[in-house]
2 protein chains.
Amino acid sequence: MDRIHNFSAGPAVLPESVIREAQEDLWSHAGSGLGICECSHRSPQFDVVIDNARDRIHRLLGCDADQEVLFLHGGARTQFFMLPMNLLRGGRATYIDTGKWSDGAIDDAKLYGTVDVPFSSKSTNYDRVPGPGTLPAVPDGTVYLHYTSNNTVAGTEFHHIPDAGSAWLACDMSSDFLSRPVDGSKFSFIYAGAQKNVGPSGTTVVVIRKSLLEHCDTALPPMLRYGLHVKKGSMYNTPATFPIYVIEKVTAWIEAQGGLEAVEARNVAQANAIYGVVDGSDFWSGKAERASRSLMNVTFTTGDDDRDMRFVQEAAAAGLSGLKGHRSVGGLRASIYNAQTDAAVEALVSFMHDFEKRNG
Amino acid sequence: MDRIHNFSAGPAVLPESVIREAQEDLWSHAGSGLGICECSHRSPQFDVVIDNARDRIHRLLGCDADQEVLFLHGGARTQFFMLPMNLLRGGRATYIDTGKWSDGAIDDAKLYGTVDVPFSSKSTNYDRVPGPGTLPAVPDGTVYLHYTSNNTVAGTEFHHIPDAGSAWLACDMSSDFLSRPVDGSKFSFIYAGAQKNVGPSGTTVVVIRKSLLEHCDTALPPMLRYGLHVKKGSMYNTPATFPIYVIEKVTAWIEAQGGLEAVEARNVAQANAIYGVVDGSDFWSGKAERASRSLMNVTFTTGDDDRDMRFVQEAAAAGLSGLKGHRSVGGLRASIYNAQTDAAVEALVSFMHDFEKRNG
């Protein structure tokens, strides 16, 4: 069976070479005679997998010795409450509101302290993120600044790292994790659901500074304590072994490509190809403000709901899947995470030209 | 590559036919051209998967219309606190302490109310569960009775359902879930980590009575509210799609075998074959009291630590993997969940006879 072009916003396309390896390893992992889903998480066989996954992420992000990489359960959504539950504790945090996900994180944080929101693009349907240097200084006494680096729904992305002042810097990187070079050492807390750029759904990568652990609430149930997960190397309970296995393969694939610089170059080229069509004619318009455009989720429209819907259907019939925009913004969306193929993007560009010719 | 015989306590062996299907579907699921890890959880394609998985579990357990099947994140460990956090709320619960897992559940429950423990086999290294009718009546005003139906560490299992009186009945069925006919309608709350009998690690099946939802704490973060997960059909956030996919395949496999009666018959035959060797000579002894023996985890010993260790090593060399007992009880353990093959059990029985001959 041939694969079709997959523009799903997540769970999303994975590198074909990784899928091929996973097929083999499902039956017998690394020549062990045990399938990767069937071996104990406490076996030397799995130790190699999780250690490599942890090390590769640490290395790709340029983390320092104080930073620990964890694989936790519950999706990024669980970090929405687990972070403030552990670290806010009645204090004050700054959240930048750039979409559905920041908004959800803000709601959860309010359960545990005071939340300042110096920027929200809600009134313009989240079509932008704040530019560099445009936000007021984070107030004194702020525990952390939280932002969402890429917004899958509206198709926006930060192209700078906000200044947290003396507060800790926390980022939900779910949808652009490991898609470009980032100085990970600037962050106190990073989290990312795996299912966009690095693996299947079911595990969330957390990068936490060990120096934060002494500030965490220790009266919580064990599963909600970062310190315990650090101490146990993400093995306090059975982790989601298959997603972690795939993350190890994907991060190896990133390194083999030439690292994050090489991955970014391809991501930029793919995004430019699609934005080029969008900007090249009045038939199309982009959904996000230009300076805020995402390299991961290209949101656009033909300006007509029925025509957009026809685009989605005809594209699907032509083997281009998952191009419908999120229901809250409508229109069209092409998600082009790390593993998106040049062939898929070329096919999309060609289909867009063709569709315009037939409907323009 | 040939597979070896896998006696891992979990993640554990899966049906080979399911692995074969999963290999295909990783590349292109059900002829869609999209890999099962790469399709949106909100696609019609995945709806069929999760709906079937939910329906099959509901049917196999004989649930009634008030019971809802959920696929949640976080492992059974997360249910240790999520259940009392939602439903105990300062009240009184009864927990039967039959091992490491009940003990962990008790610790978490104490954070949210008063815990009565009318039975504990801790002093005999958890070698038994209470017999039918041996426990005092659950005190008036008790919110729920909680027990662990199978104990992987010591190798014990309940062969009856404890009487909860007028309290709700809650059970951690992680390690014998869907291994034998159970009247699921007797329970108010069931939970089971997938990685023993029904799938890879990364998702936890919860069966909850909808009539309980009105008693749940609604001031919790969304991810910790059962009501929201019921309302959203386990799709409040991205679920662990691959484990759910495998669960659907495994439950279909159970139904194709002839259902839980057929599965139980094979489980009993396999357990009897190994216990038969253990009981057949003074060379071996069982770790668990006879009436409490598990059909899932057969714990035994040669009575000598060094000899046990040699058994594990020689068995591994002969292609029988994962036979070392849990560190807290030592000795040997053969885990024979649903997907364990008769060939593996025959090979183990034969190896045990041979080992005894050489060392007896």
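Tutor: The model is a predicted one. In chain A, strand S3 (residues 92-95) pairs with strand S4 (residues 114-116) in the parallel sense, over three bridges. Within this pairing, A:Thr94 stands opposite A:Asp116 of S4(A). Between the two strands the chain passes through helix H4 (residues 100-109) of chain A, and this β-α-β crossover from S3(A) to S4(A) is right-handed. S3(A) also pairs with strand S5 (residues 142-148) of chain A, in the parallel sense and over four bridges. Here A:Tyr95 stands opposite A:His146 in S5(A).

As to domains, chain A is divided into domain 1 (16-256) and domain 2 (259-359). Their C-alpha centres lie 27 Å apart. The contact between them takes 25 residues from domain 1 of chain A and 24 residues from domain 2 of chain A. On the domain 1 side, the elements that give two or more residues are strand S6 (150-151), strand S7 (156-157) and helix H6 (241-257) of chain A. By class, this side has seven nonpolar, 10 polar and eight charged residues.

Turning to the other chain, the contact takes 52 residues from chain A and 52 residues from chain B. On the chain B side, helix H1 (16-27), helix H3 (75-87) and helix H6 (241-257) of chain B are the elements that give two or more residues. H1(B) provides the largest share, five residues. The residues of this side divide into 23 nonpolar, 24 polar and five charged.

Key. Residues numbered from 1 in each chain as written. Chains lettered and ligands numbered in written order. Predicted model: local features only at pLDDT ≥ 70, side-chain atom pairs only at ≥ 80, totals over all residues. Contact = placed C-beta atoms within 7 Å. Nonpolar A, V, L, I, M, F, W, Y, C, P; charged D, E, K, R; others polar. Pairing = 2+ DSSP bridges. Right-handed = clockwise from strand over helix to strand, strands pointing away. Domains from an automatic or database assignment.
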